Amino acid sequence: MNTKIKSINNKKLIMGIGIVSILTIFVVVAAINQKNPSDSKGMPKSGIPVNIEEARIDTLISKVSATGIVEAKESETVYVSNTLKIEDILVETGDTVKKDEALVNYDPSFKKELEQQLKETEIALQNADLRLQSMTTADQIEILNAESSLSQAQKMFRDTQTFLNQIELSVEQLKLKVKDAEKNLENNKILFNEGAIAKRDLDESNRQLTELKNQLSTEEMKIQSAKLDIENAEKQKSIAQHNLSTTYNKFSDPKQEAEIKIQKNQVESQKMRVDTLKEKLEEQLLSSKASMNGTVVEIFAEKGAWINQNSPLLKISNLDNLIIKVNMSEYDAPSIEKGQRVTFKGDAIKNALVEGRVSHVAPTATIQNMGNSQEAMVEVTIEVLNKDSTLKPGYTVDVEIITAEHEDTVVIPLLGVVDEKDGTKIAYIMKDDYTVERRVVKTGIYSDLYVEVTGVNEGEKIITNYNPNIKEGAKVKPLETKTQLGDGHDKN
Amino acid sequence: MEGNLNLNAMETEEKPLGFFQKLIGIFVNPKEVIEDILSYPKMLLPLIYTSILIIAVYYIRLPLVPITNQKMADIYLQYGMDLSQQLEQNNTLYYISGLFGPLSLLMIWGIGGIFLWLIAKIFGDKSSIKQIYSLYAHAFMIIETGALIAAPLGLLLKTDIVIFSPAAFMPNGNAASFLYNFLSMFEFFTIWGMLFAGLGISLFNQFSKLKGMIIAFLHLLLGNAFIAFTATLQFLMLNLVNKNI
């Protein structure tokens, strides 16, 4: 019994000691925590509680973040120009191919049929061409006859002209002779009247004149006849010339002209058909070959299947040159320029350093739906510089475009800058006597959490939890002071 | 039901314990005190004792009020409200308000007691509400005795924190935060008091000790959460207002 009571008492004693020990621990801890070392440095026991971070000299990198999808810079899809049956696909996805390397074999029957059609059309073209030539080119004999007729007509014209000239000359001579005869008759009349000559001589003179006049009259009639002959000869020459011209150029015949036009159209039509068939053959040849050096990234068809006209057959990409396209908001876009350095993050990259460069900034923005609102976005193309990166087309990566980088500059937390209504930027600084100084500052580039400022010196204590009670001269009580680098700092 | 529970006490015809016996007994022999409560569920003297202690603790801790006020003023300053002057001007009120401590005790005891009874009922408790109230009043004796021990220590250390609570381990605890307030209420003697209450419920109903403790600690958890929420509600509201601005 006594042992039991003793055991209970011991138990209670141990519990009592335990309780006292626990209470002592609480008291000691409370006492230690009460002795805050900052109290001894003159920190006020009251004041507006503030968070403090010291301004420091550092490198500030301004970045713009976005998410994009990796794409091959050069990519081509091979399309089928005709509905074809694929006999064999000679490559697999991932295969490296060179330009003009055969990719597929099509069912040859289509090609044969096409070649047959081409031959037939070429023959039809030849026939049409020959017929056109026969319609437009003159016959040699016809030309010779026409030329001969023209020559004869011209000769006749010339002969008649010569004859006319001769007659006219003869008429002129006769006219002179008539004049002489008339003069002679007049003289003989005078001589007869004076009795110098006999009547027989006078009559003779009179007869000669009459005879000459008759000759002149006959010759003048010949002139009229010759002139009519010349007119006829001219007409015949014109007819011969026209005939020759018609023989040379059969287009002058309206009926013939229409037929020639029809024939010409037929020739053109056949030519076009030939060209189309040749193109089809060429396209079939091209659609079975690689259009560029690269890697087969996608095959859209299957062996033995029919593939429709203008359907994609396979896609070839140059995986050595990758790009990433990202959409930047109109807020971020103005700070992005061609040539800016880019770093990537993503599940596929892990910790590997992959870098890029902005290669293109779209000149125009596009409106994109963002949930219930619309936002203007600018497409930015980034070229991946690491040829040996683990990136593959289709990966999603987070990109950080480094828009600015300033070394050895004074940086303070963004929370330490207060924007006033008039746009003035203010930093509230805790002085050594725990009072507040309101200071106008100028800001430079930003990172996520920090900003470059002028007007603040390294080591000055910036209040980062501003509220309207924090004014010039107000007494503050720092809750914590940060001197470590924050998230916004990057040093690559 | 109650008759059955009191039957054993009637049969034994033991004399009820004196107040001072119970005062010592709750710390060193709680089982004996609980059995006495079962037979004689008294509550007047424990409440008077606790009330006296509340007033005493209040006035012992009075010099710490400026520390608490400063903390509160600092917190309000963060929300752009300067209450430092108002808090200083109300010094005379603090002397008077200490006398109202017993009223708040009665309120907490009244509400907390019925709350404990309800939780116990959910777990199949068969004791009377009078027995629960008596048990709860005796638990208050432990809690307030602990407060009496802590008060001069706080004065000595010039701290207004609840010394025997996890708050002692939080030097920069934010009095506006729910967690800080919630943990502050897990004070050593409060837990002891609830251990006593849990033991009492298990003995009243011949429950296992674990079941009794679960009931008591459920009450403690929910009660503390409710009080901590009420204490920090104004700051939650201020946070919401500031966010909307």
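Which residue is the bridge partner of Ile89(A) in E5(A)? Val104(A) takes that place.

This is a predicted model, in which local features need pLDDT of at least 70, side-chain atom pairs count only at pLDDT 80 or more, and totals for chains, interfaces and linings use all residues. Residues are numbered from 1 along each chain as its sequence is written, while chains are lettered from A and ligands numbered from 1 in the order in which they are written.

**A three-stranded sheet in chain A**

Helices (H or I, at least four residues) and strands (E, at least two) are DSSP runs, numbered from the N terminus. Two strands pair if DSSP finds at least two bridges between them. In chain A, three strands build an open sheet with the order E5-E3-E7. Its pairing is antiparallel. E5 (104-106) and E7 (306-307) of chain A are the edge strands, each pairing on one side only. Strand E3 (residues 84-89) of chain A meets E5(A) in the antiparallel sense over three bridges.

Strand E16 of chain A covers residues 450-454. Four of its five residues are buried. A residue is buried if 20 or more other C-beta atoms lie within 10 Å of its own, exposed if 12 or fewer, and partly exposed in between; C-beta atoms are placed from the backbone. Two strands run antiparallel to E16(A), as the table shows.

| Partner strand | Residues | Bridges to E16(A) | Bridge pair |
|---|---|---|---|
| E15(A) | 436-446 | three | Thr443(A) and Val453(A) |

A hairpin of three residues links E15(A) to E16(A). In a regular strand the side chains alternate between the two faces of the sheet.

**Met377(A)**

Met377(A) sits in strand E11 (residues 373-384) of chain A. It counts as buried because it has 20 C-beta neighbours inside 10 Å. Two residues are in contact if their C-beta atoms, placed from the backbone, lie within 7 Å. Leaving aside residues up to four places away in sequence, Met377(A) touches Asn327(A), Met328(A), Ser329(A), Ala365(A), Thr366(A) and Gln368(A). Tyr331(A) is 46 residues from Met377(A) in sequence, and their C-alpha atoms are 9.1 Å apart.

**Where chain A touches chain B**

The contact involves 20 residues of chain A and 19 residues of chain B. On the chain A side, helix H1 (2-34), strand E1 (48-54) and strand E18 (476-482) each supply at least two residues. H1(A) gives the largest share, 10 residues. By class, this side of chain A has 11 nonpolar, six polar and three charged residues. Here Ala, Val, Leu, Ile, Met, Phe, Trp, Tyr, Cys and Pro count as nonpolar, Asp, Glu, Lys and Arg as charged, and the others, Gly among them, as polar.

**Chain B and its helix H4**

Chain B has 12 helices and zero strands. Of its 245 residues, 37% count as buried. Among contacts in chain B with a separation of 6 or more, 70% join residues 24 or more positions apart.

Helix H4 of chain B spans residues 44-60. At 1.5 Å a residue, its 17 residues should span 24 Å, and its end C-alpha atoms are 24 Å apart, which agrees. The expected span is 1.5 Å times one less than the number of residues. Pro46(B), Leu47(B), Tyr49(B), Thr50(B), Leu53(B), Ile54(B) and Val57(B) are buried in H4(B). These residues lie on the same side of H4(B), because they cover an arc of only 155° around the axis. The arc is that of the directions from the helix axis to the C-beta atoms. The buried residues of H4(B) pack against helix H8 (101-122) and helix H9 (129-157) of chain B.
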